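Work through the exercises below with the sequence and the structure at hand. Try each task before reading its solution.

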Amino acid sequence: MKKTLLFAFLLLPFLSCKNEKKKTDNSITKTEASAENDEWIYLFDGTSVDGWRAYNGEDLPPQWVIKNGELTFDTEIRSEADRKGGNDIIFAKEKFENFELYWEWKIPEGGNSGMFYHVQEGDWGPPEVAPEYQMLDDLKWEEINNAHLEEWQKTGADYAMHLPDISQKIVKPAMEWNTSRIIFTPDHVEHWLNGKKLLSFEPWTKEWEAKKMASKWKNAPNYGAFKTGYICIQDHDSPLWLRNIKIKKL
């Protein structure tokens, strides 16, 4: 009996180590999870609009609310002819220079919005100074508004500058969730939609300047001039739902 107990006692540390190793191999440790999460800054985590306010304002416009854990622009959709807009919002806690920005979003039929970066406040609107990742209902917008759109106006485009690769573009119907990413460095910019890279370019080159001067921004001297700034979401008189907005500094 004593020998049996002694053998069990000696075997216990070995079993304990074996079980601990098995658990570690099949799960992320607290240290690893913390290190991974620390890379991302949540601009909206589903529970708070802390840090968000109106562009050129002090408070969050009343239409921007949290519903079901989603940042929602709660408004009635207007046609392009009746559009007013003007309640663009910025994440004002921090300006970002080089980054990877990720977010999930959906819009209704005929919906239109955009995500801006390098926004600086002034006596201009965000589109006049800041590059925009276009968010649009590609499938129904033209029919509802009885108007034609160019590819530089559609989802995933670097609005009025760089076209998305339509062979890589996954277009989802209105009210289905999309995932988007912008990767920005001074040497390389990418736009992603639903897991596919749509476009890439190098900012501030001679080619970039020539494209700007051949676009609608030729009379907007400050377009793309700022190399750091706020993240901004557009009010285009269209309902919008967003979640998991997060950014990683590069």
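**Exercise 1.** Which residue of S12 does Phe96 stand opposite?

Solution. The model is a predicted one. Start with the two strands: S5 covers residues 89-96 and pairs with S12 in the antiparallel sense over 4 bridges. Then look across from Phe96: the residue opposite in S12 is Gly229.

**Exercise 2.** Find the order of the strands in the open sheet, and state which stand at the edges.

Solution. Step one: the sheet has 5 strands, ordered S2-S5-S12-S7-S8, with antiparallel pairing. Step two: S2 (52-54) and S8 each have a single partner strand, so they stand at the edges and one side of each lacks a neighbour in the sheet. Step three: on average, and with direction ignored, neighbouring strands are turned by 25° against each other.

**Exercise 3.** Describe the surroundings of strand S7.

Solution. Take one partner first: S8 (residues 132-136) runs antiparallel to S7 and is joined to it by 5 bridges. Here Phe116 has Glu132 as its bridge partner. Now take S12 (residues 229-233), which pairs with S7 over 3 bridges, also antiparallel. In this pairing Val119 stands opposite Tyr230. Last, check burial: 8 of the 8 residues of S7 (residues 112-119) are buried, so the strand is largely enclosed by the rest of the structure.

**Exercise 4.** How many residues does the largest nonpolar core have?

Solution. The count is 38, and Leu43 is among the residues with the most contacts inside this core. Beyond its neighbours within four places in sequence, Leu43 contacts residues including Trp52, Phe91, Phe96 and Ile245. A second, separate core has 8 residues, among them Tyr55 and Tyr230.

How values were computed. Residues numbered from 1 in each chain as written. Predicted model: local features only at pLDDT ≥ 70, side-chain atom pairs only at ≥ 80, totals over all residues. Heavy atoms only, no water. Core = buried A, V, L, I, M, F, W, Y, C linked by side-chain atoms within 4.5 Å. Buried < 20%, exposed > 50% of the residue type's maximum accessible area, 1.4 Å probe, protein only. Contact = heavy atoms within 4.5 Å. Pairing = 2+ DSSP bridges. Axes fitted to C-alpha atoms, helices over the stretch in contact; angles between N-to-C directions.
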